Amino acid sequence: MTETQKGVTAIILACMIWGLSGLFYKLLADVPALLVLAHRTIWGVVFFLIILAVWGDLRQPVESLRSARAFGIMALASGLIAVNWLAFVYAIQTDQALEASLGYFIFPLVTILLGLIVFRETLVPAEWIAIALAFAAVATLTMGLGVAPWIALVIGLSFGCYGALKKNLPVGPVVSVTAESLLLLPLALGWLVYVAGQGDTVFGGSWGLAVTLFLSGPITATPLILFSYGARKIKLTTVGVLSYLNPSLQFLVATLLFLEPFGLWHAIAFGMIWTALALYTAARLRQDKVSQSASSSAGTSSTTRIKSRSETSAKSSSMM
């Protein structure tokens, strides 16, 4: 298997775990969402630290928090990812997995908008149209259902802001998420203590639920490790295209397995989002192709100049 094939396989596996994770969290439907979040944080930290210990990078998460700037960024990032995790778990528990999938479909378009607003990036016409379609989809769903898709908006915005916040952070994804989870750890442990103090169980009330809560750590950590590994092996454009597998699987799980209602307004809104994503993907692929052509041309010109200089030098030498 080539390095590219390994990268593609890792990204697909990561997106499959994320896309099918709704089935896992459905098993925890009777456990309060905040308690699930607390366990997800605690056992995620444990699993991450085990992995980093094997890699010999156990000190990196703590070292990454030493500067005030990095600490502030990761503190904000930890809050955003906690909101994202909580919103997803809540969506699954309240039979709104379809809306959660919409949130992850919206996420790439949120990223484009943040790139425009925060990083002053220029957009091509197709990206402007994609953003307009995303706004139209949300407005359509709001008018059709009589309520805004708040869960989708929270998921899309929290994950988009999370990515933008960490754009220039010189820390690997596994190390940074471990550091962020460490920052959330006191709150998670404090919530468990509070719940126990109220006389409620903190492990779900049965051995089966307790084991499932423990497994939320590996379920959280494994796809991120696979994704970070794969992203280093293949082009970012390929990563972006493959990433749509995650919300696509979430959509199928919600409609085919959870049997959540998918009406006319959903069809119109999702159709707009899928069209927007198709335009966005086509634009990115086109830009990537242009960049590669430019790099190739620059390399060819450089080679030609070097060759010309070499020939000139050789002629000069022969004349001497």
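These notebook entries record what I looked up on helix packing and aromatic pairs in a predicted model.

**Entry 1: helices H1 and H11**

I began with helix H1 (residues 3–26) and helix H11 (residues 245–257), whose axes lie 8 Å apart at an angle of about 30 degrees. Angles under 35 degrees count as roughly parallel, and H1 and H11 are therefore roughly parallel to each other. I noted that their crossing is right-handed.

I then listed the residues in contact. H1 contributes Ile12, Cys15, Met16, Trp18, Gly19, Leu20 and Leu23. From H11 come Leu245, Asn246, Leu249, Gln250, Val253 and Leu257. Sorted by class, the contact of H1 with H11 holds 10 nonpolar and 3 polar residues, with no charged residues.

**Entry 2: aromatic pairs**

I looked up the aromatic pairs next and found a count of 17. One of them joins Trp18 and Phe227, a tilted pair with 5.5 Å centre to centre and 50 degrees between the planes. Trp18 belongs to helix H1 and Phe227 to helix H9 (residues 207–231), so this pair ties together parts that are 209 residues apart in sequence. I checked the accessibility of Trp18: at 25% relative accessibility, Trp18 counts as partly exposed.

I turned to Phe105 and Phe270, an edge-to-face pair with 6.2 Å centre to centre and 90 degrees between the planes. Phe105 sits in helix H5 (residues 97–117) and Phe270 in helix H12 (residues 264–319), and the pair links these distant parts of the chain, 165 residues apart. I recorded both Phe105 and Phe270 as buried.

**Entry 3: a ring cluster**

Finally, I traced a cluster in which ring pairs link Phe24, Tyr25, Phe88, Tyr104, Phe107, Phe159 and Tyr162.

Terms used: Residues are numbered from 1 along each chain as its sequence is written. This is a predicted model: local features need pLDDT of at least 70, side-chain atom pairs count only at pLDDT 80 or more; totals for chains, interfaces and linings use all residues. Side-chain values use heavy atoms; hydrogens and water are left out. Axes are lines fitted to C-alpha atoms, for helices over the stretch in contact, and angles run from 0 to 180 degrees between N-to-C directions. Helices (H or I, at least four residues) and strands (E, at least two) are DSSP runs, numbered from the N terminus. Angles under 35 degrees count as roughly parallel, over 145 as roughly antiparallel, 65 to 115 as roughly perpendicular and the rest as oblique. A crossing is left-handed if the near helix is turned anticlockwise from the far one by less than a right angle, and right-handed if clockwise. Contact means heavy atoms within 4.5 Å. Ala, Val, Leu, Ile, Met, Phe, Trp, Tyr, Cys and Pro count as nonpolar, Asp, Glu, Lys and Arg as charged, and the others, Gly among them, as polar. Rings of Phe, Tyr and Trp (its six-membered ring) pair if their centres lie within 6.5 Å; planes under 30 degrees apart count as stacked, over 60 as edge-to-face and the rest as tilted. Buried means under 20% relative accessible area, exposed over 50%, partly exposed in between (1.4 Å probe, protein chains only).
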